[in-house]
Amino acid sequence: MKAVAFLRSNLVQRILDRAARASGMPVSIHHVADNTEGPKLCGTAGCASCAYVAEQPGGAEACRASRVRNSSFSLAMNRPAPFLCHLGFACVSAPALPSSGQSFVLTMGPYSPAEAPETLVSDAMRGLESLGHLPMRFFPTSLTDIAQVRGDSAPAIAEWTVDTLESAWREAQTAAQPVEEPEPPAPVRGRPRRQKSKAPDTSPYRGAEIAAALASGDQTLARTLVKTAIAEVNVSADKLSAARRARTVAVVSAVLEACERARTSTAEAWALFPAFLAAVQSPASETDLAKHALALLALLVPRRQQHPKDNVLLELDRVVMGRMPEPVQLGEIAERLGKHPTAITHHLQRKYGLSFTQYVGRLRIDKAKELLRRTRLGVGEVATRVGIGDQSNFTKLFRKFEGLSPQQYREQYRNRV
């Protein structure tokens with residue numbers, strides 16, 4: 001799939017819609033090259049004031065010039081960069097899809113820095129007059145749709161958005177390769193053909209796994225996954241709080257998206273999403289951030305009789321967790337549940353994108369990560385406690401899921417939550 005086609009896809013539009021809801025800011029993506037900005041490839045609707053200014057003589061050109069200047073800087077620095085537009089509104093630009101080798105730029109804004117909200121109207125009035133607009137007592141449109149956002153949060157939210165786009169782009173590239181569709185399960189003689197499993201999900205937001213834990217009613221596992229995702233923010237100390245607030249929003253949004261893909265009702269959670277955003281904007285510890293996230297996600301836990309397939313997942317989670325750290329074999333688990341092994345693997349793959357091996361491996365590694373962060377146990381002892389007797393195999397599995405060794409993980413994230 002070509003990058004432009006990907007950026008115009010429904011998947012990207014859903015990601016940007018989610019980012020706009022999470023941040024309270026309009027979002028757009030353009031191609032910028034040689035100080036020239038192409039047409040908007042995708043994005044959300046802008047605010048009323050920007051629409052008004054765009055209709056004034058020179059307004060659209062001034063807005064575009066502001067974006068182009070900062071877009072070029074952001075591309076050169078390869079990082080999100082805040083800026084003020086010609087109206088004095090705060091915005092932020094960030095390189096989008098850098099692995100495509102093309103100069104796509106994501107722009108979020110305008111927003112009003114929460115540290116100085118009183119300057120919004122005066123800056124807007126001066127910017128309008130600079131375009132030759134006649135002086136007036138009040139700005140001609142409402143400015144209430146311009147959100148107040150902490151100045152350090154905006155770049156973090158933009159970075160989360162482009163990371164999500166990059167992950168989706170790589171998945172789309174992989175999916176575009178021709179693959180052999182598995183045949184439906186049927187009685188066969190001899191040894192069944194072994195199917196290739198998908199690569200493990202290395203997304204830091206863990207949406208599918210948290211959604212699976214919630215669907216099974218295992219709030220303990222969901223809590224561990226959420227706290228781990230929030231803890232694994234590797235930025236400098238002065239940006240840590242803002243990055244963790246953005247990560248908390250990203251994790252919750254990823255879980256909601258996974259639940260919607262699985263056709264789980266999310267209406268109640270979305271109704272309370274604005275209150276959740278307000279809660280995580282105020283200064284809070286990492287524990288408080290996890291509590292806010294879990295309070296919202298608890299609304300996704302089934303309260304009454306589940307669909308039969310969800311009952312399978314609930315029983316699967318109970319049986320597998322009960323066996324750890326002992327060996328866990330699909331055939332044995334399937335027999336205990338009274339299900340065909342293929343039915344279990346297909347259920348995990350189709351609903352949550354997890355194979356049985358990934359599901360069990362993830363449970364082991366997630367438990368190992370908590371031990372690495374919170375204890376001083378040696379790597380070999382941690383491996384034993386999660387049911388992996390060989391330290392070398394444990395390290396290989398850990399690298400497969402996390403992209404770094406257990407010791408490196410401990411050095412980065414020890415006692416983060």
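On one side of helix H11, Pro274, Ala275 and Ala278 are exposed. The model is predicted. The buried residues of H11, which spans residues 273-281, are Phe273, Phe276, Leu277, Ala279 and Val280. They cover an arc of only 160 degrees around the axis, so they sit on the same side of H11. The exposed residues Pro274, Ala275 and Ala278 lie on the other side.

An α-helix has 3.6 residues a turn, so residues three or four places apart point the same way.

Helix H12 covers residues 286-297. Its 12 residues reach 16 Å from first C-alpha to last, close to the 16 Å expected at 1.5 Å a residue. Leu289, Ala290, Ala293, Leu294, Leu296 and Leu297 are buried in H12. These residues cover an arc of only 160 degrees around the axis, which puts them on the same side of H12. Lys291 and Ala295 are exposed, on the face of H12 turned away from its buried side.

## Helix H2 and the residue after it

Helix H2 has 14 residues, 10-23. From its first C-alpha to its last it reaches 20 Å, close to the 20 Å expected at 1.5 Å a residue. Its buried residues are Val12, Ile15, Leu16, Arg18, Ala19, Ala20, Ala22 and Ser23. Just after H2 comes Gly24, with a positive phi of about 80 degrees.

## Strand E1 and its partners

Strand E1 runs over residues 27-33 and is mostly covered. Five of its seven residues are buried. E1 pairs with strand E6 (residues 104-113) in the antiparallel sense, over five bridges. Within that pairing, His30 has Val105 in E6 as its bridge partner.

E1 also pairs with strand E3 (residues 42-43), antiparallel, over two bridges. Here Ile29 stands opposite Cys42. Strand E2 (residues 36-37) is joined to E1 by two bridges, and the two run antiparallel. Val32 stands opposite Glu37 in E2. E1 and E2 form a hairpin with two residues between them. In the turn, Asp34 has a positive phi of about 55 degrees.

Ser153 is found in helix H6, residues 153-175. Ser153 counts as buried because its relative accessibility is 2%, and the cut-off is under 20%. Not counting residues up to four places away in sequence, Ser153 touches Ala242, Arg245 and Gln281. Arg245 is 92 residues away along the chain, yet the C-alpha atoms of Ser153 and Arg245 are separated by 7.5 Å. Their side chains are joined by a polar contact of 3.1 Å.

Ser93 is found in strand E5, residues 90-96. Ser93 counts as buried, at 0% relative accessibility. The side chain of Ser93 makes a polar contact of 3.5 Å with the side chain of Asn70. Beyond residues up to four places away in sequence, the residues touched by Ser93 include Asn70, Ser71, Ser74, Arg79 and Phe83. Val105, Leu106 and Thr107 are also among them.

## The chain as a whole

The protein chain comes to 19 helices and seven strands. It has 417 residues, of which 49% count as buried. Consider contacts between residues at least 6 apart in sequence: 66% of them join residues at least 24 apart. The accessible surface of the chain comes to about 21200 Å². Carbon and sulfur atoms account for 52% of that surface.

Conventions:
Residues numbered from 1 in each chain as written. Predicted model: local features only at pLDDT ≥ 70, side-chain atom pairs only at ≥ 80, totals over all residues. Heavy atoms only, no water. Buried < 20%, exposed > 50% of the residue type's maximum accessible area, 1.4 Å probe, protein only. Helix = DSSP H or I, 4+ residues; strand = E, 2+ residues; numbered from the N terminus. Arc of directions from axis to C-beta. Contact = heavy atoms within 4.5 Å. Areas by Shrake-Rupley, 256 points an atom, 1.4 Å probe, with all protein chains shown as cover. Polar contact = N/O pair within 3.5 Å; in protein donor to acceptor, adjacent residues only side chain to side chain. Expected span 1.5 Å × (residues − 1). Pairing = 2+ DSSP bridges.
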